[in-house]
Amino acid sequence: MPVLHDIRITTDGACKGNPGPGGWAAILHRNGSEKVLTGAEAHTTNNRMEMTAALKALEALKKPSAVTLCTDSRYLMDGMTKWMAGWKRNGWRNASKEPVKNADLWMALDLAARPHSITWEWVRGHNGHPLNERADALANEAIANHLPAR
């Protein structure tokens, strides 16, 4: 079995209006070092930004890793841990037989997660969790920094 690298990732997404301009942030920690990733989209939703933050963080990992992924998004966590297996079985249709929303990102997340052993950790957003608060601030900064002025 390959050696897994221990990584802690904290992610968040933000949106000014929903839909509207959005930003995402991921903070990766490994062996005392830190890497911050951010980005933005001109027209998106908060859920898509939450998902994009996790996706970009997982895609940034170069080797299979033991990941603890901390998020304040139940949608992201439940999608990855509870709903995805059923969606895949049902041809990316939900329990109502309708196409899964954000299927493009769910499929990409499924692929990006495969090499890793991921423990999902939920924290209440805007509740004083230091890394979640920092990820939220970075996601909001990304909206202003990555998008052209109106």
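This is a predicted model: local features need pLDDT of at least 70, side-chain atom pairs count only at pLDDT 80 or more; totals for chains, interfaces and linings use all residues.

Colleague: Where does N132 sit, and which residues does it contact?
Modeller: N132 is part of helix α4, which runs over residues 130-146. If you skip the neighbours within four places in sequence, its contacts are T10, T11, D12, D72, V123, R124, G125 and H126.

Colleague: H126 is on that list, so which loop is it in, and is it buried or exposed?
Modeller: H126 belongs to the loop between β5 and α4. Its relative accessible area is 58%, and the cut-off for exposed is over 50%. So H126 counts as exposed.

Colleague: What is the phi of H126?
Modeller: H126 is not a glycine, yet its phi is positive. The value is about 55°.

Colleague: And N102, what is its phi, and is that residue buried or exposed?
Modeller: N102 sits in the loop between α2 and α3. It isn't a glycine either, and its phi is positive, at about 65°. With a relative accessible area of 16%, under the 20% limit, N102 is buried.

Colleague: Moving on to α3, which of its residues are buried, and what do they pack against?
Modeller: The buried set in α3 is A103, L105, W106, L109, D110, A112 and A113. Their packing partners are α1, α2 and β5 (117-122).

Colleague: How are α1 and α3 arranged: roughly parallel or roughly antiparallel?
Modeller: Two packed helices are described by the angle between their axes and the distance between the axes. Here α1 (residues 46-60) and α3 (residues 103-113) meet at an angle of about 25°, and their axes are 9 Å apart. Angles under 35 degrees count as roughly parallel, so α1 and α3 are roughly parallel.

Colleague: Is the crossing of α1 and α3 left-handed or right-handed, and which residues make the contact?
Modeller: The α1 and α3 crossing is left-handed. On the α1 side the contact uses R48, M51, T52, A54, L55, L58 and E59, and on the α3 side D104, L105, W106, A108, L109, A112 and A113.

Colleague: How does the contact of α1 with α3 split by class?
Modeller: Going by residue class, the contact of α1 with α3 comes out as 10 nonpolar, one polar and three charged residues.

Colleague: I also see tryptophans, so how many aromatic pairs are there, and which residues do ring pairs link into a cluster?
Modeller: Searching the whole structure turns up five aromatic pairs. The cluster linked by ring pairs is made of Y75, W83, W87, W92 and W106.

Colleague: How are W83 and W87 placed relative to each other?
Modeller: Both are in helix α2 (residues 74-89), four residues apart, so about one helical turn separates them.

Colleague: What about W87 and W92, what kind of pair is that?
Modeller: The centres of those two rings are 6.4 Å apart, and the planes are at 40°. Stacked would need under 30 degrees and edge-to-face over 60, so the W87 and W92 pair is tilted.

Colleague: Of W83, W87 and W92, which count as buried and which is partly exposed?
Modeller: Under 20% is buried, and W87 has 10% while W92 has 16%.

Colleague: Now T44: where is it, and which residues does it touch?
Modeller: T44 is in strand β3 (residues 33-44), and with 4% relative accessibility it counts as buried. Not counting residues up to four places away in sequence, T44 touches C15, N18, P19, G20, P21, G22 and M49.

Colleague: What kind of peptide bond joins N18 and P19?
Modeller: P19 lies in the loop between β1 (5-15) and β2 (20-30). Omega for the bond between N18 and P19 is about 15°, and the bond is cis.

Key
Residues are numbered from 1 along each chain as its sequence is written. Side-chain values use heavy atoms; hydrogens and water are left out. Axes are lines fitted to C-alpha atoms, for helices over the stretch in contact, and angles run from 0 to 180 degrees between N-to-C directions. Helices (H or I, at least four residues) and strands (E, at least two) are DSSP runs, numbered from the N terminus. Angles under 35 degrees count as roughly parallel, over 145 as roughly antiparallel, 65 to 115 as roughly perpendicular and the rest as oblique. A crossing is left-handed if the near helix is turned anticlockwise from the far one by less than a right angle, and right-handed if clockwise. Contact means heavy atoms within 4.5 Å. Ala, Val, Leu, Ile, Met, Phe, Trp, Tyr, Cys and Pro count as nonpolar, Asp, Glu, Lys and Arg as charged, and the others, Gly among them, as polar. Rings of Phe, Tyr and Trp (its six-membered ring) pair if their centres lie within 6.5 Å; planes under 30 degrees apart count as stacked, over 60 as edge-to-face and the rest as tilted. Buried means under 20% relative accessible area, exposed over 50%, partly exposed in between (1.4 Å probe, protein chains only).
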